[in-house]
Amino acid sequence: MKKWLPVLFCLIALHCISQTRHAPKLPVVDYVTVNLNQPAQAKSLSGFLGGLQNPKYPNREDVRKLQPKLMRTSFTERYDESYKLAGRVHLIVSDLWKQKDNDNSGQIDMYNPRPYLDPTYTDYLAKMFDWGYNNGNIRPGIVWECWNEPENEYSKWQLSDFFETYKVTYQALLDSKIGSTAQIAGPSFAWFSEEKMTAFFDYCLENNLEVNVITWHEIWYPAESKPLSKLQDHVAFVREHFMENPKYASLNMQSIEINEIIWPADKNRPSEIAGYLQNLEDAGVDYACKTCFYHTTNTDEQGNMADGIGVPPCELGSCDDASFNDLFTIGYDSEHYVNLSNECNPLPGNENKPKSAWWVYRLYADGVPFRVKSSNTEPASHVIASSKIQPYPDTVATNTAQVLVGYSNQWPLDYAPVTGTYSVRINNLATLNPQATEFTVKICEIPFNGANSYNKAEDNTPLLQPVLVSTAYYLADSKNGITVNFTATTDALYQITISAVE
């Protein structure tokens with residue numbers, strides 16, 4: 001038996017970090033404990049907004065590797081591929097209502113008259129639901145969503161206008177040929193509000209309306225708040241006050257699906273993305289969608305809307321082009337419309353390649369079926385652990401445990417990255433191999449590239465592989481566990497894999 005514990009082999013000198021049993025010299029970022037023999041219930045929250053339009057990009061096999069469970073789109077022509085990829089599609093009825101040519105924002109020329117006062121709206125609904133009926137071959141997996149962000153400032157609506165529109169939409173769906181089996185979603189508010197949610201559900205109760213799928217967005221909050229600390233509270237409020245409240249039983253609420261998550265300022269922050277997924281998963285959310293933004297959306301350094309400042313040269317519209325929710329780099333494509341300025345284009349050969357955000361979703365999805373319990377001491381640190389991983393398209397899971405960890409200091413956004421040390425305790429190694437005493441521990445980094453908003457060229461930086469930080473060998477201690485200490489940088493996400501030495 002080898003006498004060392006552990007011996008470290010540095011494979012990349014610039015990223016090599018010391019693995020020892022001694023206390024770290026840098027301040028500890030977090031103490032993490034993972035129990036490989038304690039399964040945790042988890043539903044995959046891999047999902048994406050906008051659907052797929054570009055027939056060439058992104059590579060569909062790269063999308064399948066993310067194992068999406070929900071797609072959200074406004075366009076019936078994107079349904080087929082979305083359903084084949086995810087098996088569930090939120091179809092936004094509002095975004096096709098009075099839509100002008102070449103505009104897919106769902107925000108132009110559709111407020112006067114209000115839909116519930118316009119007889120052509122019910123005609124439009126009848127055609128939409130007849131398309132869903134499909135001559136008796138009902139299109140599966142559709143959740144009909146009445147209106148996107150009805151209370152947002154661009155709509156100039158009163159809440160009562162939305163409520164009446166929802167009523168008309170629900171009744172038209174109920175009266176259609178798919179009414180007996182169809183699901184309807186709402187309220188799809190732009191941000192969570194206890195008061196507005198209560199008003200909506202009370203209205204539905206008073207008017208005998210159902211809300212089968214509860215939806216809202218978790219993407220924006222005032223700069224002084226910490227959004228990730230609020231996600232679980234919001235879900236708990238909905239579950240306690242509405243879903244589990246006998247008063248609202250007639251609404252037939254079946255699931256909570258947060259169909260827009262991750263604000264633009266967070267879209268390149270690997271630890272932040274993982275934080276959204278972890279918090280919503282811990283809250284028991286059923287489905288979620290990573291949000292996207294059109295070319296007409298501008299943001300400042302804090303991720304706030306900054307309309308009227310012009311389109312920055314590196315702004316990447318992510319809903320309808322090859323970047324697909326900011327997961328891929330894009331470049332000039334002569335067959336389509338993507339043409340960024342030279343300073344924004346990736347180096348030749350790196351067009352349409354995965355970015356850091358893609359890798360977060362890839363590694364996250366690999367471990368969902370094998371989620372195990374974990375705990376940690378730092379609220380701003382995020383931990384997602386699995387006893388095995390099964391990357392698509394593998395049909396058998398690998399006997400390798402995975403721990404994703406990352407620290408994020410969400411506000412303010414203009415800080416310099418800081419480093420600290422993680423101390424990760426991994427228990428019950430016999431889960432991997434009851435006879436093994438020696439284990440290989442590999443640490444890889446998904447880096448934050450420094451881009452806080454749409455007007456930075458780093459937005460278009462590919463990550464072809466996670467950065468290898470270190471590989472080390474450990475002997476299990478008397479408690480059948482190991483403790484791994486390593487240096488971490490704020491906003492990066494780290495993948496720790498543990499496998500038995502055969």
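These notebook entries record what I looked up in a predicted model, part by part.

**Entry 1. Ground rules**

I worked with a predicted model, in which local features need pLDDT of at least 70 and side-chain atom pairs count only at pLDDT 80 or more, while totals for chains, interfaces and linings use all residues. Residues are numbered from 1 along each chain as its sequence is written, and side-chain values use heavy atoms, with hydrogens and water left out. Helices (H or I, at least four residues) and strands (E, at least two) are DSSP runs, numbered from the N terminus.

I began with strand E9, residues 255-261, where 7 of its 7 residues are buried. Buried means under 20% relative accessible area, exposed over 50%, and partly exposed in between, with a 1.4 Å probe and protein chains only. I then looked for paired strands, a pair being two strands between which DSSP finds at least two bridges. Strand E8 (residues 213-218) runs parallel to E9 and is joined to it by 4 bridges; His217 has Glu260 as its bridge partner in E9. Strand E10 (residues 287-290) also pairs with E9 in the parallel sense, over 3 bridges, and here Ile261 stands opposite Lys290. Between E9 and E10 the chain passes through helix H7 (residues 270-283), in a right-handed β-α-β crossover. Right-handed here means that, with the strands pointing away from the viewer, the path from the first strand over the helix to the second runs clockwise.

I next looked at Ile262, in the loop between E9 and H7. Its phi is positive, about 80°, although the residue is not a glycine. Ile262 counts as buried because its relative accessible area is 2%.

The 17 residues of H4 should span 24 Å, and the end C-alpha atoms are 24 Å apart, which agrees. Among the buried residues of H4 I noted Phe162, Phe163, Tyr166 and Tyr170. Their cover includes helix H3 (119-133), strand E6 (142-145), strand E7 (183-189) and helix H5 (194-206).

I asked which residues touch the most other members of the largest nonpolar core. They are Trp144, Tyr166 and Phe201, in a core of 86 residues. Such a core is a set of buried Ala, Val, Leu, Ile, Met, Phe, Trp, Tyr and Cys residues joined through side-chain atoms within 4.5 Å. Not counting residues up to four places away in sequence, Phe201 touches Val211, Ile214, Phe242, Tyr248, Leu251 and Met253; contact means heavy atoms within 4.5 Å. Another core lies apart from the largest one and has 31 residues, including Val34, Val403, Val405 and Phe439.

**Entry 2. A four-stranded sheet**

I followed an open sheet of 4 strands with mixed pairing, in the order E11-E2-E14-E17. Strands E11 (372-376) and E17 (482-489) are at the edges; each has a single partner strand, so one side of each is without a neighbour in the sheet. Within the sheet, E2 (residues 28-39) and E14 (residues 419-427) run parallel and are joined by 7 bridges. Asn35 stands opposite Asn427 in E14.

I found both faces of strand E12 (residues 381-386) covered. Ser381, Val383 and Ala385 are buried on one side, and His382, Ile384 and Ser386 on the other. E12 pairs with E13 (residues 401-407) in the antiparallel sense over 6 bridges, and Ser386 stands opposite Gln402.

Ala401 lies in E13, and its relative accessible area of 0% makes it buried. Ala401 is 14 residues from Ser387 in sequence, yet their C-alpha atoms are 4.3 Å apart. Among the contacts of Ala401 beyond four places in sequence are Leu36, Leu432 and Thr497. Thr497 belongs to strand E18 (residues 493-500) and counts as buried at 12% relative accessibility. Its contacts beyond four places in sequence include Thr440, Val441 and Lys442.

**Entry 3. Backbone exceptions**

Most residues other than glycine have a negative phi, and most peptide bonds are trans. I noted a cis peptide bond between Gly186 and Pro187, with omega about 5°; Pro187 lies in strand E7. A cis bond also joins Tyr392 and Pro393, with omega about 5°, and Pro393 is in the loop between E12 and E13. Asp491, in the loop between E17 and E18, has a positive phi near 80°. Asp491 is buried, with a relative accessible area of 1%.

Definitions and conventions. The expected span of a helix is 1.5 Å times one less than its number of residues.
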